[in-house]
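Biologist: I have a new model open and need a quick tour. Can you walk me through it?

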Amino acid sequence: MATEEISRTQGLNPSQQSSSLPDYPQMILEAIEALNEREGSSMSSIAKHIDSTHSDLPASHTTLLSHHLNQMKQMGQIVMLNNNYSKPDPNAPPKRGRGRPPKPKVPLPPGVVVSPPRPRGRPPKPKDLLAPPKPKPVSTGRPRGRPTKKAKTGTAAAPPPPPGVKRGRGRPPKVLPSVGFQ
C-alpha cells in the first residue's frame, strides 16, 4: 500500500516503477535544459522531447506531464512565462505572496519575558470599593420587554357570506354614499 502511495505521487503505477523511466520532474528539467530555448519551452515541445528520448512512456503521458508541470510551477522549481516553462533565474528575488507583507520581527534581547497579548474588546470599568452599592430599581410588577401577543377571539371576525351568492372576480366597485341634492 505504501509503495502504491509513493508511486502515485510520482505519477507511475507499480508495474512501471521498475522500468528505466526516471521521475517526471527529472525528465521535465532535462527537457528544458536540452531544448535551451530563450523564452522557455512550451508544453508540447517538452512532451515531444520526452517522447523522443524515452520510448516506454505510459498511455497517460500528457496528463501526467501537465500535472507535474503545474506541481513544479506551484513549488517554484520552474517558472511559466507566456505559456512557456523555464528554470527560474537564480539571481531573481523570491516571488512575493499576495497582500501586505508582515512587519519584520525585532529580536528580543535574552532574558526578556514576553507578556501575553492584550485581550480584545473594551476593558471593564474599574470597581470603586469606596462607592456605596447601587440601589436596585423598584419593580413595577410588569416584566421587561415587549408584551406577548394575545390570541384573537372569534367575536370580531366578519360573518361569512351566504352560501348561494357568488362574488365576482377582482376588486369590488367603490360604494358611493347616496347624497340627496336639493
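Biologist: Let's start with His 54. Buried or exposed?
Modeller: His 54 is buried, with a relative accessible area of 16%. Buried means under 20% relative accessible area, exposed over 50% and partly exposed in between, using a 1.4 Å probe and protein chains only.

Biologist: What kind of model is this?
Modeller: This is a predicted model: local features need pLDDT of at least 70, side-chain atom pairs count only at pLDDT 80 or more, and totals for chains, interfaces and linings use all residues. Residues are numbered from 1 along each chain as its sequence is written, and side-chain values use heavy atoms, with hydrogens and water left out.

Biologist: Back to His 54. Where is it?
Modeller: His 54 sits in the loop between helix 4 and helix 5. Helices (H or I, at least four residues) and strands (E, at least two) are DSSP runs, numbered from the N terminus.

Biologist: And what does His 54 touch?
Modeller: Leaving out residues up to four places away in sequence, His 54 touches Leu 21, Pro 22, Met 27 and Glu 30. Contact means heavy atoms within 4.5 Å.

Biologist: Which residues of helix 3 are buried?
Modeller: Tyr 24, Met 27, Ile 28, Ala 31 and Ile 32. Seen down the axis of helix 3, these buried residues fall within an arc of 135°, so they line one face of the helix. The arc is that of the directions from the helix axis to the C-beta atoms.

Biologist: How does helix 3 pack against helix 5?
Modeller: Helix 3 (residues 24–35) and helix 5 (residues 61–75) pack at about 80°, and their axes are 10 Å apart. That makes helix 3 roughly perpendicular to helix 5. Roughly perpendicular covers 65 to 115 degrees. Axes are lines fitted to C-alpha atoms, for helices over the stretch in contact, and angles run from 0 to 180 degrees between N-to-C directions.

Biologist: Which residues meet there?
Modeller: From helix 3, Tyr 24, Pro 25, Ile 28 and Leu 29. They meet His 61, Leu 64, Leu 65, His 68, Leu 69 and Met 72 in helix 5.

Biologist: New topic. What's buried in helix 4?
Modeller: In helix 4 (residues 43–53), the buried residues are Ser 45, Ile 46, Ala 47 and Ile 50. Their cover includes helix 3, helix 5 and strand 2 (84–86).

Biologist: How many helices and strands are there in the protein?
Modeller: Five helices and two strands. Along the sequence the pattern is α-α-α-α-α-β-β. Of the 182 residues, 16% count as buried.

How values were computed: Parallel < 35°, antiparallel > 145°, perpendicular 65-115°, else oblique.
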